[in-house]
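Take a look at the chain first, then try each task before reading its solution.

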Amino acid sequence: MGKTYNNMTFKYAGSMAAIVLVFGNFVACGSQFYQVSVEDDFEPTEESIAANPDMNDPESTLYGIHAPSGWQKLPIPFRFGKDLNEEQKIHFLAAIKTWEWAVGKNLFEFAGTHEQTTGDSFTDLYSSLDDQINGQYLDNDWAKTNKDDAVLATTIWNNGSSGAEIAKADIRFNNEYYVIGDSLQLSAEGNKEVVDMQSLALHELGHLLGLAHIDVNVDSYSIMNPSLFIGEGLTSRKISRGDIERIQQIYGCEGDACDIDSLVLELEKDTEAEEMTATAQSWLASNTPQVEPSK
Ligand SMILES: [Zn+2]
């Protein structure tokens with residue numbers, strides 16, 4: 001602690017345009033921090049563009065949504081690649097719990113950990129979609145995804161019978177160039193900067209659930225803004241009112257979640273992420289089946 005921002009270095013200067021972010025949301029404890037573009041983590045399919053031509057129209061209620069019908073079938077079964085550590089799993093699960101809290105429904109169902117499969121098991125980015133498993137993978141050979149080295153992670157999916165719905169998805173994390181986990185605990189390793197798993201997973205799960213990127217000029221608090229601060233001690237584990245409205249546009253709401261004003265009041269207390277982390281921790285302790293992937 002104690003360092004100032006005077007020596008901050010913007011590694012990816014190209015992504016710095018037109019960013020309005022409130023630094024009060026971020027806690028800096030040491031290392032340099034960077035704002036990284038996550039624009040390239042998401043490529044809408046041709047089917048999804050055809051299904052929702054209003055995806056990029058801020059005036060539309062379907063703005064920022066790539067799959068207006070959401071998943072073909074709920075809950076979404078998901079698995080972890082075998083090399084995710086406990087901390088990565090807990091913070092990924094906490095991000096799941098936040099999206100579920102935003103709609104008041106169970107959206108996901110844990111289907112265990114792959115005993116064999118990692119991101120490195122696949123020959124390229126899209127081949128991980130062939131196994132019918134919704135997997136969360138660490139990739140140690142990022143070049144084969146054909147994404148830039150700076151891309152933090154990417155979400156890929158298959159649409160269902162219509163482009164408005166999702167049938168299958170994977171998230172691939174760039175484990176080659178980043179240290180991904182709890183940014184409040186981890187340290188950078190050489191050139192590998194720390195990325196907060198919960199913050200990154202919130203964004204990638206947004207894509208997985210059907211959300212597209214949100215322009216900072218439309219909603220600067222959205223977790224779906226196409227950039228993320230990374231570095232030791234930097235987190236962004238929070239969704240915005242707009243994120244709640246958009247996810248409810250797809251999945252509706254149940255119970256207390258239908259009162260969006262009260263959800264926003266909860267968010268303003270700034271304890272939601274901690275609560276979700278604690279929930280995820282105890283939940284994972286009682287849900288750890290080891291399952292081989294079915295082909
Ligand atoms: Zn994205």
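The exercises below concern this predicted model, and each one comes with a worked solution.

**Exercise 1. Getting your bearings**

Task: Find how many helices and strands there are in the chain, and what percentage of its residues count as buried.

Solution: Start with the secondary structure: the chain holds six helices and ten strands. Next, turn to burial: of the 295 residues, 44% count as buried. Finally, look at the contacts between residues at least 6 apart in sequence: 71% of them join residues at least 24 apart.

**Exercise 2. A residue in helix 5**

Task: Decide whether Leu 263 is buried or exposed, and list its contacts beyond four places in sequence.

Solution: First, locate the residue: Leu 263 belongs to helix 5, which spans residues 260–268. Second, count its surroundings. A residue is buried if 20 or more other C-beta atoms lie within 10 Å of its own. Leu 263 has 22 such atoms within 10 Å, so it is buried. Third, set aside the neighbours within four places in sequence; the contacts of Leu 263 are then Ala 102, Ile 244 and Ala 257.

**Exercise 3. Two helix pairs**

Task: Work out how helix 4 is oriented towards helix 5 and towards helix 2, and which residues make each contact.

Solution: Two packed helices are described by the angle between their axes and the distance between the axes.

Take helix 4 and helix 5 to begin with. Helix 4 covers residues 241–251, and its axis comes within 10 Å of that of helix 5, with a crossing angle of roughly 140 degrees. Angles over 145 degrees would count as roughly antiparallel. The two helices are therefore oblique to each other. Their crossing is right-handed. On the helix 4 side, the contact is made by Arg 241, Ile 244 and Glu 245, and on the helix 5 side by Ile 260, Leu 263 and Val 264. Sorted by class, this contact has four nonpolar, no polar and two charged residues.

Now move to helix 2, residues 86–103. Helix 2 packs against helix 4 at an angle of about 70 degrees, and their axes are 9 Å apart. Angles from 65 to 115 degrees count as roughly perpendicular, and helix 2 and helix 4 are therefore roughly perpendicular to each other. Here Trp 99, Ala 102 and Val 103 of helix 2 meet Ile 244, Ile 247, Gln 248 and Tyr 251 of helix 4. By class, that contact has six nonpolar, one polar and no charged residues.

**Exercise 4. The partners of strand 7**

Task: Identify the strands that pair with strand 7, and say whether each pair runs parallel or antiparallel.

Solution: Go through the partners one at a time.

- Strand 2 (residues 70–71) runs parallel to strand 7 and is joined to it by two bridges. Trp 71 has Ile 166 as its bridge partner in strand 7.
- Strand 5 (residues 135–139) also pairs with strand 7 in the parallel sense, over four bridges. Tyr 137 stands opposite Arg 172.
- Strand 6 (residues 153–159) runs antiparallel to strand 7, with seven bridges between them. Thr 155 has Ile 171 as its bridge partner. Strand 6 and strand 7 form a hairpin, with five residues between them.

To finish, consider burial: nine of the ten residues of strand 7 (residues 165–174) are buried, so this strand is largely enclosed by the rest of the structure.

**Exercise 5. Backbone exceptions in the loops**

Task: Say where the cis peptide bond lies, and which loops hold Gln 132 and Asn 146.

Solution: Begin with the expectation: most residues other than glycine have a negative phi, and most peptide bonds are trans. The bond from Leu 74 to Pro 75 is cis, with omega near -5 degrees. Pro 75 sits in the loop between strand 2 and strand 3 (76–80).

Then turn to phi. Gln 132 is not a glycine, yet has a positive phi of about 65 degrees. Gln 132 is in the loop between strand 4 (108–113) and strand 5, and counts as partly exposed with 13 C-beta neighbours inside 10 Å. Asn 146 has a positive phi too, near 65 degrees. Asn 146 lies in the loop between strand 5 and strand 6. With 11 other C-beta atoms within 10 Å, Asn 146 is exposed.

How values were computed
Residues numbered from 1 in each chain as written. Predicted model: local features only at pLDDT ≥ 70, side-chain atom pairs only at ≥ 80, totals over all residues. Buried ≥ 20, exposed ≤ 12 C-beta atoms within 10 Å, placed from the backbone. Contact = placed C-beta atoms within 7 Å. Axes fitted to C-alpha atoms, helices over the stretch in contact; angles between N-to-C directions. Parallel < 35°, antiparallel > 145°, perpendicular 65-115°, else oblique. Left-handed = near helix turned anticlockwise from the far one by under 90°. Nonpolar A, V, L, I, M, F, W, Y, C, P; charged D, E, K, R; others polar. Pairing = 2+ DSSP bridges.
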